[in-house]
Amino acid sequence: ENPNCFFSTAPFYPRRWKWNIFSTGVESRAKVRRRRTSASDKMTMSCGKADPGGDGRDSESAILIELESLRNRVKELEAENAKLLSQISSCQCHQMEVKHDVSVLDSGSLVRRSRRGRKKAEKSIPSHLISRRYIALKIMYFGKRFYGFSAEAQMEPSIESEIFKALERTRLLVGDKKECNYSRCGRTDKGVSSTGQVVALFLRSRLKTPPGEALVDEKMGLEGEYDYVRVLNRALPDDIRVTGWSPVPIDFHARFSCSAREYKYFFWRQNLDLSAMDTAGKKFLGEHDFRNFCKMDVANVHCYTRRVTFFEVSPCQNSHEGAQLCTFTMRGSAFLWHQIRAMVAVLFMIGQGVESVDLIDTLLDTRKTPRKPQYLLASEIPLVLRTCEFENVDFICSSGAAESLRTHFKNESLRCQLESVIFQEALKNCLPLKNEKSSCNGVEKKKKAAIHAPLLSRPTEPSYEERSSKLKSRQEETCSVLV
């Protein structure tokens, strides 16, 4: 052993209490500190004897050389890092995003990640660097449980809010509702259904586009694009389905680009006069002022002239216990708020024989009838927005998504028929048998027939001019208060 090397024989001392291998007791902290001080002095003396001065300068120069090489290596790594960052910002972001999402969107499954992981992924790549394209979606929904299509009324649930929830869950939405240039064709009311509603917006695309730009050629890359129908339907509730999608130009607007809208209203024939209703309904054809067949909104609507291009009353193939199902079919360029339901309500009065066919002409003449008579609207449940027509817009759907849609609609139809059977069973248990004359409570009660008040003799609502002047006075009062 080298007598000058202290570390070859020095014992190892723990932090607080030190065991000395040459003794059986423990040493105090102060005693250990004194022992270490003496050991360092010995090491200094031994180093001084072994290195009188020359070797110290050599070790110093070696350390400086090594430090300089480390500095150079740090500079090289910083330059390489800057180069990689520039490549990511220019062209690599889309490839990284596609690799990140291909397992999710190709299989049609939803993103099942934690919120923390999803937020980190969204923050990693700015939205303006993600490829997107402008498309139109064709949507079917059963409106019974919804408070209308629009989410602007702050009433939940709405069809629009459910659609955007699905878009966010599938990560197809780029940015928020304002950034995606969203538009809708029709704003159906509470309880109204649709088989052909159309919305348009920017969605994430699989095709590569320059950063900050959208795909301009709407016909390019249809086969290699995401299956929007399949992906969204996996995230939507059972009473909402996307039935097709189509690429559209940037200037497309789902409301103002629509050339025609077609509505259907289903009803049971019972004792209604279909011929009289068809004759009266034909009077709606053409361009008329429908202010007596709608709910006026003088703050937003100032022209109540609309064009109806098609009207028909026809029986359907469906029937139940001798009752024939029929439908009104109406097509026009646009319709007013509650217009269809108001038209159907007046046609029902004519079909029942309590009003004449000439009532339509009287209500359409706003000079003779400037104020709308008060009457109840027809129920909203049988009303369906059947289709919205556009020029040069062809909706597509993959074969797999179409098969899934057929299966879903068939299962939902069977479920509704089962519910109908349950109500029929309840009806059998409630009503008496054919040979009995008593009711459920044992007493036959005849319901008094409601007395119909002629429509033109009923109280009327304020005219458009009266509503406008009242609104104007309110606005002036509000301005004066603010001043």
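## Inside a predicted model: core, rings and helices

Phe328 is buried, with a relative accessible area of 0%; buried means under 20% relative accessible area, exposed over 50%, and partly exposed in between, using a 1.4 Å probe and protein chains only. The model is predicted, so to speak of local features a pLDDT of at least 70 is needed, side-chain atom pairs count only at pLDDT 80 or more, and totals for chains, interfaces and linings use all residues. Residues are numbered from 1 along each chain as its sequence is written, and side-chain values use heavy atoms, with hydrogens and water left out.

### Around Phe328

Let us stay with Phe328 for a moment. Leaving aside residues up to four places away in sequence, Phe328 touches Tyr263, Lys264, Tyr265, Phe267, Met277, Phe311, Glu312, Val313, Val344, Leu347 and Phe348. Contact here means heavy atoms within 4.5 Å.

Phe328 is also one of the residues with the most contacts inside the largest nonpolar core, which has 87 residues; the others on that list are Leu137, Leu167, Phe252, Phe267, Phe293 and Val346. Helix α7 (residues 339–351) supplies the largest share of this core, 10 residues. At least three residues of this core come from each of domain 1 (129–212 + 224–257 + 391–424) and domain 2 (260–389). A nonpolar core is a set of buried Ala, Val, Leu, Ile, Met, Phe, Trp, Tyr and Cys residues joined through side-chain atoms within 4.5 Å, and the domain bounds come from an automatic or database domain assignment.

### Aromatic pairs

The structure holds 17 aromatic pairs. Rings of Phe, Tyr and Trp (its six-membered ring) pair if their centres lie within 6.5 Å; planes under 30 degrees apart count as stacked, over 60 as edge-to-face and the rest as tilted. Two of the pairs are set out here.

| Pair | Arrangement | Centre to centre | Angle between planes |
|---|---|---|---|
| Phe267 and Phe328 | stacked | 4.6 Å | 25 degrees |
| Tyr304 and Tyr464 | edge-to-face | 5.6 Å | 70 degrees |

Each pair links distant parts of the chain. Phe267 sits in strand β7 and Phe328 in strand β10 (residues 323–332), 61 residues apart. Tyr304 is in the loop between β8 (286–289) and β9 (305–320), while Tyr464 is in helix α10 (residues 464–482), 160 residues apart. Helices (H or I, at least four residues) and strands (E, at least two) are DSSP runs, numbered from the N terminus. Phe267 counts as buried because its relative accessibility is 5%, and both Tyr304 and Tyr464 are buried. Ring pairs also join Tyr265, Phe267, Phe284, Phe290, Phe293, Phe311, Phe328 and Phe348 into a cluster.

How many residues of α7 are buried? The count is 13 of its 13 residues, so α7 is described as mostly covered. From its first C-alpha to its last, α7 reaches 18 Å, close to the 18 Å expected at 1.5 Å a residue. Just after α7, Gly353 takes a positive phi of about 85 degrees.

Helix α9 (residues 399–430) has 32 residues and spans 47 Å between its first and last C-alpha, close to the 46 Å expected at 1.5 Å a residue. The expected span is 1.5 Å times one less than the number of residues in the helix. In α9, Ala401, Ala402, Leu405 and His408 are buried, and what covers the buried residues of α9 includes α5 (228–233) and β6 (240–247).

### Buried polar side chains

Arg204 lies in strand β5 (residues 193–204) and counts as buried at 5% relative accessibility. A polar atom of the Arg204 side chain lies 2.7 Å from the backbone oxygen of Arg171. Ser205 is in the loop between β5 and α5 and is buried, with a relative accessible area of 3%. The side chain of Ser205 makes a polar contact with the side chain of Glu225 at 2.6 Å. A polar contact is a pair of N or O atoms within 3.5 Å; within protein, one must be able to donate a hydrogen and the other to accept it, and residues adjacent in sequence count only if both atoms are side-chain atoms.

### Backbone details

Most residues other than glycine have a negative phi, and most peptide bonds are trans. Asn181, in the loop between α4 and β4 (183–184), has a positive phi of about 55 degrees and is partly exposed at 35% relative accessibility. Gln270, in the loop between β7 (260–268) and α6 (274–281), has a positive phi of about 50 degrees and is exposed, with a relative accessible area of 65%. A cis peptide bond joins Glu156 and Pro157, with omega about 5 degrees; Pro157 is found in the loop between β3 (132–141) and α4 (159–169).
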